Amino acid sequence: MARVKAVFYAINGTGCGHISRQLNIAREMRELLHALGLGADFHVLTTSEAPQQGWDFPTYKLPSKTVVAEVDTPNEEFASYSTFLNTNLVATFRPDILVLDTMPQGSFGEFQGMRAFARSTAFIRRHTNPVAANHPVYRSHMGLYDLILTPDDLEEAHRYMTPEEVRDRCVFTGIVHGYRAEEGWSREAVRTHFGVQSHQTLMYISAGGGGDKRAESDLTRLIDAASADPLYRGRKRYASNIVPLTDPDVRQYFGGLDLAISAAGYNTYEELLAAGVPTAFFGQVKGMDCQDERVQIGVKNGWNRELCEFDPVSIQEEINALKRSDIQQAIRSRLQERGTSDGALVSAVELLKLHASLKGSSVDISKVYVAAVMRRLWPAIALRIGVVPEQSRAAYVSAVRLALAWNKALRTQREQQSLLEDALVAWRTGVIPQYVALLLEMGHRLAELQ
C-alpha cells in the first residue's frame, strides 16, 4: 500500500492545545487517505504532559520545559539532549511532511536541523501575543516553511502579523477543533451515563488543560464542583454529584450539557462553542496565548459569557444566569448563526495538497477533494441514518471507498471525470451537488450489506 509519511511535532509548555490541534488534523488526514486506499504512516513527537491524547498514533514523549524546571537537570543540558533526540527521530523517519505548531523555530531552536530530513515542512500558526509574533526569530523562521496554516477565519487576518514574503504560502483554514456532532453522545445517553436525573442540571467545569498554578484553587471556588483536564495537577474532588474527568475525548459528552464554566484555552473554548453549550469563560495568563482576548471576542458576538470574579457570590450569579432559558436561547441562537468550522479538514486537505506537489507522490489531489467534500456531507448523513458515534470514522471510510468503487464500475469515464471536477468546485464554493450526497449514501448502504 502506498503511504504518506508525516511527523507531527507538538511543542507544549504548560498546555495541551498544541498536541490536540495537531491530532485533530492528523486524524482528518488519516481518514481521507484511508478512504482513498492509501496508508497514513504518521508519528507524533511531543513535549506535552498529556501524551495519552495521541493513543491512536505512535507517540514519542519528551518532558516539557515546565517539568524540567522542577527537577535538577540544567536547562542547557536538557536543551542539548532534546535537540539531539528530536533531530535524530526525524532523521530516522525521514517524513514526507514535518509539521510544527506555534513555535516555528522549534522548542529548542532545532527546526533548521530537522528540516533537512523532511521532504516538505508545514507550520501551524495559532494566534499569539504581538511580542512573540513580531520577534525576529519567529518571523525569520516562518519563511523556512513550505506551507503556513492559520487555524482561524480569514476575516480575522488583521489580528495576525504576516511577513509579505510568506503571504503566498499562508492559508486561513478556519477554526481547528475536535468536536464532531456525529461522534457526540446524545443528551439522553450522556445523562444516563452519569446518572443525572431529568430535574438535575448537568454542568461541565474546567480549569483548563494546562496545569495552571491556580487550577486547584479555581476549581475549589467553582461551587465545590470539579472536573479535571489531562494536565490538571491538583487534587481531584469527589462527591455524589461530582465526576472528575480525565478522558482525552471529553468533548463526546458536550451534547448532554446544560451549561459550562471553563478556562478559555483554544480547544476547550472552540469545542464548547461548536457543541452549542452556554458557557461562561475565564481567561488564564499564558506565555503566548491570549485567552482574555478570546473571551472578549465571544462576549462581543454573543457566543459566550465571562466569569469575571471567583468569589462565591459572583460564581453563583453566573451559574444562575446560565440556567435562565432566555440567556441559553440567545447564546444557542448566536452559535447557530456562527456555524461550525471544519478547519481540521481544510488543514488536512492543504497538507495533502502539499504532498501531491512532491515528486513521486501517491496522492491524487482531485480524489482528495472528492473525499473531503463527502467528509463535509458525512455529519448530516451519519446523524440522519443513526450511525453509532464510536463507529462514525470507520463508517465514513467504508462509505467513501465503496461509493468511489461503485462510481468507477457503473459510470462512464466522462461521468467519473465530472465527479472530480464537480468536487473541486464544491470544495471551493461550499455548494455540493445532490448526486454526490446520494453517491455517499449508496456507499454506506453497500458497506452495510458486506
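These legends go with close-up views of a predicted model.

View 1. Rolling a probe the size of a water molecule over the atoms shows where empty space is left. Searching the whole structure this way turns up one cavity of 30 Å³ or more. Around the space sit G178, Y179, R180, E183 and G184, along with D249, R251 and Q252. Sort that lining by type and you get four charged residues, three polar and one nonpolar.

**View 2. Strand β10 and its neighbours.** Here we look at β10, which covers residues 279-282. Which way do its side chains point? T279 and F281 go one way, A280 and F282 go the other, and all of them are buried. On one pairing, β10 runs parallel to β9 (residues 259-263) over four bridges, with A263 standing opposite F282. To get from β9 to β10, the chain passes through helix α9 (residues 266-274), and this β-α-β crossover is right-handed. β10 also pairs with β11 (residues 305-306), again in the parallel sense, over two bridges. In that pairing, A280 has R305 as its bridge partner.

**View 3. E182 and its two arginine partners.** Side chains of opposite charge can pair when their charged atoms come close. E182 forms a salt bridge with R180 (3.3 Å, N to O), and another with R375 (3.2 Å, N to O). Why is the R375 contact worth a close-up? E182 lies in the loop between β7 (170-172) and α7 (187-193) while R375 belongs to helix α14 (residues 365-385), so the pair ties together parts that are 193 residues apart in sequence. Are these side chains buried or exposed? E182 is buried, at a relative accessible area of 3%, and R375 is buried too, at 5%. R180 is likewise buried.

**View 4. A salt bridge within helix α12.** The whole structure has 32 salt bridges, and this one joins the side chains of R334 and E337 at 2.5 Å, N to O. How far apart are the two along the helix? They are three residues apart in α12 (residues 325-338), so about one helical turn separates them. R334 counts as partly exposed, with 33% relative accessibility. E337 is exposed, with a relative accessible area of 54%.

Conventions. Residues are numbered from 1 along each chain as its sequence is written. This is a predicted model: local features need pLDDT of at least 70, side-chain atom pairs count only at pLDDT 80 or more; totals for chains, interfaces and linings use all residues. Side-chain values use heavy atoms; hydrogens and water are left out. On a 1 Å grid over the protein atoms alone, a cavity is a set of points where a 1.4 Å probe fits but cannot get out, and a pocket is an open set with protein on both sides within 12 Å along at least five of seven lines; lining residues have an atom within 4 Å of a point. Grid points are joined across faces, edges and corners, and a volume is the space filled by probe spheres set on the points. Ala, Val, Leu, Ile, Met, Phe, Trp, Tyr, Cys and Pro count as nonpolar, Asp, Glu, Lys and Arg as charged, and the others, Gly among them, as polar. Buried means under 20% relative accessible area, exposed over 50%, partly exposed in between (1.4 Å probe, protein chains only). Two strands pair if DSSP finds at least two bridges between them. A crossover is right-handed if, with the strands pointing away from the viewer, the path from the first strand over the helix to the second runs clockwise. A salt bridge is a side-chain nitrogen of Lys or Arg within 4 Å of a carboxyl oxygen of Asp or Glu.
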